[in-house]
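The following exercises are to be worked from the coordinates. Each task is followed by a solution in steps.

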Amino acid sequence: MKKIIDKISFVLLTGVIFTLSVVLYGFCVEAVLLPTNFLFYENSPFVSMILAPLLVIPSVFISYYIVYFFKKKMNSENDFLHIIWFSKKLGKWKIAIAAVWLIALHVCTTSLTYVTNDRIVVLTPLNLKGRAYSYSKVEKIETGFGNQKFSFFEYEKEGNFYYKIYLDGQETVFYTSSVNSSIDRYQDTYLELEEFDQALGKLNIPKESSAAGADQCRLDKEYIHRFLRIIGED
């Protein structure tokens, strides 16, 4: 029974710490890397795929050590997942693993694109100030719905809406953007993409769009109609 309680406590605590780490991560990105006038930003699809696992790792270890510490204080030491044992076995390798994790987190954090009222800025791990482009530098737009049953990238899965722009021949994908919380109107989800598309539309930028797969979208109708307006079929 005690082992079950330990495991439940560990899982619940991991969930809480992970949630806090996601909030803290977003706060740090906005405070350190983004200007106050940003509208929205998004990490690259690959980063979006691996960021959650990166944040889960320390959440698991921190919550486990907390549970283990309190059990030890109560003279009921129980390394129920053998993480303490494994950590000791790693020895000096722990430093190398931590260094790799920090590098990976740095790469993920600094691989993003943000949008302001008149600029699109692409950040990279080696260029934290980013390369700025005016809206008129967008070469092409592609937008539609994913059509794959299985994919590593969420935006490629069936029914998921995506909005791609091309700058210097490189694509940037927007599909789960993080918005500036100080902009009240962005409480209306995906409005930032619709406004962005309207701004680019005034510049007569070539646009490839398709509503194929809209019937697979599981979001509320108001958002599907918004996507179809962006595509140009509503």
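Predicted model: local features only at pLDDT ≥ 70, side-chain atom pairs only at ≥ 80, totals over all residues.

**Exercise 1.** Determine which residues of α6 are buried, and against which elements they pack.

*Solution.* Step 1: apply the cut-off for burial, under 20% relative accessible area.

**Exercise 2.** Describe the largest nonpolar core: which members touch the most other members, and which elements give two or more residues?

*Solution.* Step 1: this core holds 31 residues, and Y163, I165, F196 and L200 touch the most other members. Step 2: two or more residues come from each of β5 (140–145), β6 (161–167), α5 (191–201) and α6 (221–231). Step 3: α6 supplies the largest share, six residues. Step 4: leaving aside residues up to four places away in sequence, I165 touches I120, V138, K140, I141, Q170, E171, T172, F174, F196 and L200. Step 5: a second, separate core has 16 residues, including L33, Y41, L55 and L123.

**Exercise 3.** Characterise the chain as a whole.

*Solution.* Step 1: the chain contains six helices and nine strands. Step 2: of its 234 residues, 40% are buried. Step 3: among contacts between residues at least 6 apart in sequence, 59% join residues at least 24 apart.

Note on methods
Residues numbered from 1 in each chain as written. Heavy atoms only, no water. Core = buried A, V, L, I, M, F, W, Y, C linked by side-chain atoms within 4.5 Å. Buried < 20%, exposed > 50% of the residue type's maximum accessible area, 1.4 Å probe, protein only. Helix = DSSP H or I, 4+ residues; strand = E, 2+ residues; numbered from the N terminus. Contact = heavy atoms within 4.5 Å.
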